[in-house]
Amino acid sequence: MKIAIIGAGVCGVISLKYAKESGHECDVFEQTGELGGIWVYSDEYGMDKNGMPSYRNMYKGLVTNAPKEVMTFLDFQYRTDVKDSYITQKQTLEYIHDFVKKFDLERHIQYYTRVKRVEPNDDQWTVTVVDDKTKTERQARYDAVFVCNGQYFMPHMPEIEGQNLFRGLQMHSRDYRSTELYENKQVLIIGGSSSAVDISQKIAAVAKNVYISHWSTILLKVVDVTVKPSVKQLYNKGAVFSDGTKEDFDIIIYCTGYKRFYPFLTKECGITVEDNWVRYLYKHIINIENPTLCFIGVPTFIPTFIISDLQARFALAALDGKFSLPSKEEMLKEITENVTELRSKNVPQRHFHKIFLGFRKYTTDLCKVSGIRPFPEVITNLYEHLLTTIGTLQTTTKYVLVDDEKFIEIK
Ligand SMILES: Cc1cc2nc3c(=O)[nH]c(=O)nc-3n(C[C@H](O)[C@H](O)[C@H](O)COP(=O)(O)OP(=O)(O)OC[C@H]3O[C@@H](n4cnc5c(N)ncnc54)[C@H](O)[C@@H]3O)c2cc1C
Ligand SMILES: *[C@@H]1O[C@H](CO)[C@@H](O)[C@H](O)[C@H]1NC(C)=O
């Protein structure tokens with residue numbers, strides 16, 4: 001088969017590795033000049049050096065929010081000199097590069113090549129790409145398409161009354177790079193997730209004052225920061241909060257997340273995204289309308305590396321006929337049952353791909369249905385342990401995997 005893979009991040013390279021091993025001919029299209037996706041750090045934001053919108057969102061000093069022991073591909077170790085569990089952006093990127101080198105994957109990647117359109121064509125797919133250097137377009141047909149374009153590119157910006165009146169700088173966390181801009185400034189951070197906490201702690205050291213406004217019930221540990229409830233409205237100089245208090249600001253950073261988006265899929269592909277829920281994907285992977293269109297890396301709150309490894313093998317096992325997918329009606333039925341359950345628990349639609357506590361169940365299910373090899377259970381055991389430590393995470397803690405089931409924690 002001929003397979004097109006969109007994006008050369010973690011999900012793209014793992015898909016390429018297994019697709020190649022299954023004997024398929026693969027083209028990976030990557031719009032930037034580098035592989036690694038979000039793990040590539042760049043000072044640029046706004047526009048890149050080719051005058052294209054920059055998709056970079058990595059910032060200086062980022063340390064992983066999960067230990068490397070769960071951030072692994074199957075059977076592929078980190079370099080032995082990487083001793084810590086919580087590692088840097090650079091070490092993570094190195095791991096991805098080592099992987100690509102070992103399996104000789106890079107020659108399949110076409111850089112500065114953006115996928116513009118994907119449309120079904122008989123039993124195949126016509127993929128149109130743009131060479132961003134020469135601005136020329138070309139087309140080719142493929143038997144299957146793997147969508148690996150990531151989910152942290154399109155900022156989600158909430159609408160707040162008076163937003164257009166505020167005269168200071170408003171930005172999304174995607175464009176945060178380093179602390180210089182915030183020296184001696186009054187900064188408001190909107191959001192209560194890991195990026196809000198992480199960025200607030202970095203800025204607190206240099207800013208005049210940092211405020212975090214959030215509405216979530218759990219907030220991770222923050223120091224040197226004033227916590228506020230949600231913003232009621234903005235005015236020219238600052239914000240009014242829902243408790244009636246008011247504060248002036250120079251800069252507002254929205255740590256309000258991202259939207260999944262697939263601008264290159266035509267309507268005929270049969271995919272719609274509604275409030276961040278991608279419909280309809282069987283097991284969060286296979287497009288039920290056209291099962292040769294597969295999505296890798298859609299779930300969140302889950303260790304991406306090992307999940308994408310499993311998802312790629314699941315999708316290929318289906319394509320290679322190693323197991324047969326149920327009929328469209330049966331796939332839809334299972335999705336509907338899941339959704340009914342989620343709704344009964346009041347889970348908002350935008351969290352339908354949040355797997356979180358369902359990690360063990362989801363991964364076991366993928367292996368059972370397709371017959372693919374599971375990864376060592378110790379990864380699941382460690383991940384479940386990590387969930388119990390949320391809020392008290394210490395990036396100096398180390399984990400050692402003792403065997404396929406047991407790990408030890410060194411504080
Ligand atoms: C700030 C931040 C910190 C994170 N920290 C962690 C962490 O500590 N641990 C962890 O496990 N996960 C973390 N994540 C999650 C992270 O997203 C995953 O680990 C993983 O890197 C996602 O890989 P991906 O391949 O799905 O997407 P990406 O890395 O986003 O790669 C997608 C690639 O597709 C390309 N692309 C997009 N559209 C097109 C197109 N139309 N044509 C061609 N190419 C295209 C992009 O240029 C990009 O290279 C973090 C995410 C962010 C944003
Ligand atoms: C339904 O939910 C289960 C449990 O979370 C999961 O393993 C399975 O993949 C889901 N099925 C579909 C079709 O998404």
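Predicted model: local features only at pLDDT ≥ 70, side-chain atom pairs only at ≥ 80, totals over all residues.
Which element gives the largest share of the shell around ligand 1?

1. Residues are numbered from 1 along each chain as its sequence is written, chains are lettered from A and ligands numbered from 1 in written order, and side-chain values use heavy atoms, leaving out hydrogens and water.

2. The shell: 30 residues surround ligand 1, the closest being Glu30, Ile38, Trp39, Asn65 and Val115 (a residue is near if one of its heavy atoms lies within 4 Å). They split into 16 nonpolar, 12 polar and two charged, with Gly counted as polar and Cys and Pro as nonpolar.

3. Backbone contacts (N or O pairs within 3.5 Å): a backbone N or O atom of Val115 sits 2.9 Å from a ligand 1 nitrogen, and one of Cys11 is 2.9 Å from a ligand 1 oxygen. For Gln31, a polar backbone atom is 3.2 Å from a nitrogen of ligand 1. The protein covers 91% of the 990 Å² of accessible area that ligand 1 has on its own (Shrake-Rupley, 1.4 Å probe).

4. Back to the opening: E4 gives the largest share, three residues. Elements giving two or more are helix H1 (10–21), strand E4 (113–121) and helix H4 (304–319) (DSSP runs, helices of at least four residues and strands of at least two).

5. Helix packing: the axes of H1 and H2 (residues 89–102) come within 11 Å and cross at roughly 20° (lines fitted to C-alpha atoms, angles from 0 to 180 degrees). That makes H1 roughly parallel to H2 (under 35 degrees).

Technical notes:
Polar contact = N/O pair within 3.5 Å; in protein donor to acceptor, adjacent residues only side chain to side chain. Parallel < 35°, antiparallel > 145°, perpendicular 65-115°, else oblique.
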